[in-house]
Amino acid sequence: MSGVFVDAFYFLARLNPGDESHEQAVRFGTQETRPIVTTAWVLKEVADAMSSPANRPAFLRLLETLQILTRRENHPADGRLVRPWRPALRRACGQGVVVD
């Protein structure tokens with residue numbers, strides 16, 4: 001079974017009850033049966049967004065939850081995941097430069 005990639009948008013909406021996409025993110029998280037796939041880069045982005053002292057406990061709970069989930073994959077923060085997509089990313093940025 002192939003997984004479904006989730007990015008920082010999903011995690012931040014899921015963690016923030018005031019986010020306009022919160023209910024949709026919760027519904028997705030509870031109904032999705034495919035494995036969740038994310039990267040260390042995504043988790044770093046979420047950590048940055050949740051870095052205020054008031055938000056840190058929620059981020060730590062997220063990390064603990066991800067560690068015990070069996071339906072997830074976490075890819076390390078290195079260029080192997082991005083390298084095959086580099087030409088498409090360059091076109092999407094319109095800048096011709098993607099840092100890996």
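A residue is called buried when its relative accessible area is under 20%, exposed when over 50% and partly exposed in between, with a 1.4 Å probe and protein chains only. The model is predicted, so that local features need pLDDT of at least 70 and side-chain atom pairs count only at pLDDT 80 or more, while totals for chains, interfaces and linings use all residues. Residues are numbered from 1 along each chain as its sequence is written, and side-chain values use heavy atoms, with hydrogens and water left out.

Tyrosine 10 is buried at a relative accessible area of 10%, whereas phenylalanine 28 is partly exposed at 26%. Rings of Phe, Tyr and Trp (its six-membered ring) pair if their centres lie within 6.5 Å, and planes under 30 degrees apart count as stacked, over 60 as edge-to-face and the rest as tilted. Because tyrosine 10 lies in helix H1 (residues 8-15) and phenylalanine 28 in helix H2 (residues 22-31), the pair ties together parts 18 residues apart in sequence; helices here are DSSP runs of H or I with at least four residues, numbered from the N terminus. Ring pairs link Tyr10, Phe11 and Phe28 into a cluster.

Phe11 also belongs to the largest nonpolar core, which has 15 residues and in which Phe11, Val46 and Leu62 have the most contacts; such a core is a set of buried Ala, Val, Leu, Ile, Met, Phe, Trp, Tyr and Cys residues joined through side-chain atoms within 4.5 Å. H1, helix H3 (40-49) and helix H4 (56-68) each supply at least two of its residues.
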